[in-house]
Amino acid sequence: MRNPLNEKITAIKPSGIRKFFDIVSEMDDAISLGVGEPDFDTPWHIRDEGIYTLEKGRTFYTSNAGLKELRIEIAKYLDRRFHLQYDPLKEILITVGGSEGIDNAFRAMLDPGDEVLIPQPSYVSYEPCCILAGGVPVIIELQEENQFRLTAEELEAAITPKTKMLVLPYPNNPTGAVMEKSDLQAIAQVVIDHDLYVLSDEIYAELCYLEEHTSIASLPGMKERTVVINGFSKSHAMTGWRLGYACGPQIIMDQILKIHQFAIMCAPTNSQYAAVEAMRNGDEDVAMMREQYNQRRRFLIHEFERMGLKCFEPFGAFYIFPSIKEFGMTSDEFATRLLREEKVAVVPGTAFGDCGEGFLRISYAYSLENLKIALGRLEQFITKLRAEAEQR
Amino acid sequence: MREKILTFIEKNSRVDLHDLAVLLGVDEQMVINELEAMEAEHVICGYHTLIDWDKTDVEKVTAMIEVRVTPQRDMGFDKVAERIYNYPEVNSVYLISGGFDLMVTLEGKTLRDISTFVTDKLSTLDSVLSTKTNFILKKYKDHGTVMAETSKDERIFMTP
């Protein structure tokens, strides 16, 4: 029989977190700090709108690009929150989550052999999607001493004549790092000098605790070089609705639209109507959730400091990325033992790239009570490890 | 800062003050000072516990009584409100816009307690024109908190 499979997809490693599921399935009282989605329910007025549209029988396809009403609301929102101006009819496409936008952008922009710079640690799908689109991922290993920000020097050093695109994943999952306006200005200069394009994944844009999020597309000369990915999952606690959007110059968006048209048809209609409500009346919910995340963030930083666990202060998303290098274990070993011995699940930093070795991703999309219990167990674990180390 | 402290303790007044200072990113002494100042100024009027009495063996009846009154010269509604809220069995008194004037909530052990209060005490006040007593049958949500069991975390245990 012939090999039924595609070489590229066969060569891609499956996600490294699967084995933790197997361990957890044998436990009944494990607690998790491993989730990458908000703990809040979608605000009721948004869910109510979803229910209402079902009652009205709005269950048909929308246009490929998405409800016009929603695209207009998104254009207003991007302007009011991030000073981005997009034409809702030509430059905004509603996608099935931010993930679809990432995939489509690679497929619309890359030719075989084009190099894509991907800073890591970062979200798991950039590298595989880039490979599947025929691109060549070139990893930039971000440094803890730079607070996992991308510097102009690091970028410059990775550029070759084949480099076409830079992925800019900020605010960052898993590190919680942000790029401030001045950081982005330096990056934009390099991008323009080398005639590159940027895929800016801004899905966590609403969760910034230092200064308001700046989109690189809002800097002079960058709009025409940038595809911005955003969505409702993190900002409005709408992960399961599977709704995001991509914005960019029309020349790129026209091609992205074709891929979306043939592969997807349109994003879920029900979710799109709910999202209109989220855009019109959701700013307060977002602010409320941001405040709660920020409180938990401060709490975790304080606790890690108290435990003497080395950690830079993250200012975005809902993750914290402490170093466990003092224990002389790999991230995977540490996470496995922590789960087996203290029943706390965290994601090893290596799930987000090899340079995540020596770190853990801890999510604070949990209630304070839950965080306290989990941190109590974590402290017990590291106290035990330090005692073991002393006996040796 | 006051608003942040109040927003937090309105939902959880039992928070450890050290924790509260950490959560809000301020100095603990500052939180203590603000709380004391707000207590002195009666911005904070008390620290209560939200209890679902239905889950206990204690029998309680709660009524919401709509009261129409004649306002008094120079005093408006304040004087008659005071006459009513001074009764210890009265839980709350609000001045209301619309079809009636005062909303009085009242707790008693039995229906008879409530009816005695309404007929003997409330209705006999000079300025009370009429009353309408509504008994609470079930409390679904109180002070922003849903009384039913909270739902459990259904998220997948680990996601990238």
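In what order do the 7 strands of the open sheet in chain A run? The order is β2-β8-β7-β6-β5-β3-β4, with mixed pairing.

## Ground rules

What you have here is a predicted model, where local features need pLDDT of at least 70, side-chain atom pairs count only at pLDDT 80 or more, and totals for chains, interfaces and linings use all residues. Residues are numbered from 1 along each chain as its sequence is written, while chains are lettered from A and ligands numbered from 1 in the order in which they are written.

## The seven-stranded sheet of chain A

Strands here are DSSP runs (E, at least two residues), as helices are (H or I, at least four), numbered from the N terminus; two strands pair if DSSP finds at least two bridges between them. Back to that 7-strand sheet: β2 (92-95) and β4 (136-141) of chain A sit at its edges with a single partner strand each, so one side of each has no neighbour in the sheet. On average, neighbouring strands are turned by 20° against each other, direction ignored. Axes for such angles are lines fitted to C-alpha atoms (for helices, over the stretch in contact), and angles run from 0 to 180 degrees between N-to-C directions.

Inside the sheet, β7 (residues 226-231) and β8 (residues 244-247) of chain A pair in the antiparallel sense over 4 bridges. Gly231(A) stands opposite Gly244(A) in β8(A). Helix α9 (residues 250-263) of chain A lies across β2, β7 and β8 of chain A, at about 25° to β2(A).

## A three-stranded sheet around β12

Chain A also has an open sheet of 3 strands, ordered β9-β12-β11, with antiparallel pairing. Its edge strands are β9 and β11 of chain A, each pairing on one side only.

Residue by residue, Ile320(A) has Ile362(A) as its bridge partner, Tyr319(A) stands opposite Ser363(A), and Val347(A) stands opposite Arg361(A). Is β12 (residues 360-363) of chain A covered on one face or on both? On both: Leu360(A) and Ile362(A) on one side, and Arg361(A) and Ser363(A) on the other, are all buried. Buried means 20 or more other C-beta atoms within 10 Å of a residue's own; exposed means 12 or fewer, partly exposed is in between, and C-beta atoms are placed from the backbone.

## Leu184(A) up close

Leu184(A) sits in helix α8 (residues 181-193) of chain A. Why does Leu184(A) count as buried? Because it has 24 C-beta neighbours inside 10 Å.

Leaving out residues up to four places away in sequence, Leu184(A) touches Met179(A), Thr214(A), Ile216(A) and Leu219(A); contact means C-beta atoms, placed from the backbone, within 7 Å. Leu150(A) is 34 residues away along the chain, with 8.8 Å between its C-alpha atom and that of Leu184(A).

## Chain B and the complex

Chain B splits into domain 1 (2-40) and domain 2 (53-139), with bounds from an automatic or database domain assignment. Taken over C-alpha atoms, the centres of these two domains are 34 Å apart.

The contact between the chains takes 9 residues from chain B and 19 residues from chain A. On the chain B side, 6 are nonpolar, 2 polar and 1 charged. Nonpolar covers Ala, Val, Leu, Ile, Met, Phe, Trp, Tyr, Cys and Pro, charged covers Asp, Glu, Lys and Arg, and the others, Gly among them, are polar.

As for confidence, the complex gets an ipTM of 0.87 and a pTM of 0.93 from the predictor.

Notes. Contact = placed C-beta atoms within 7 Å.
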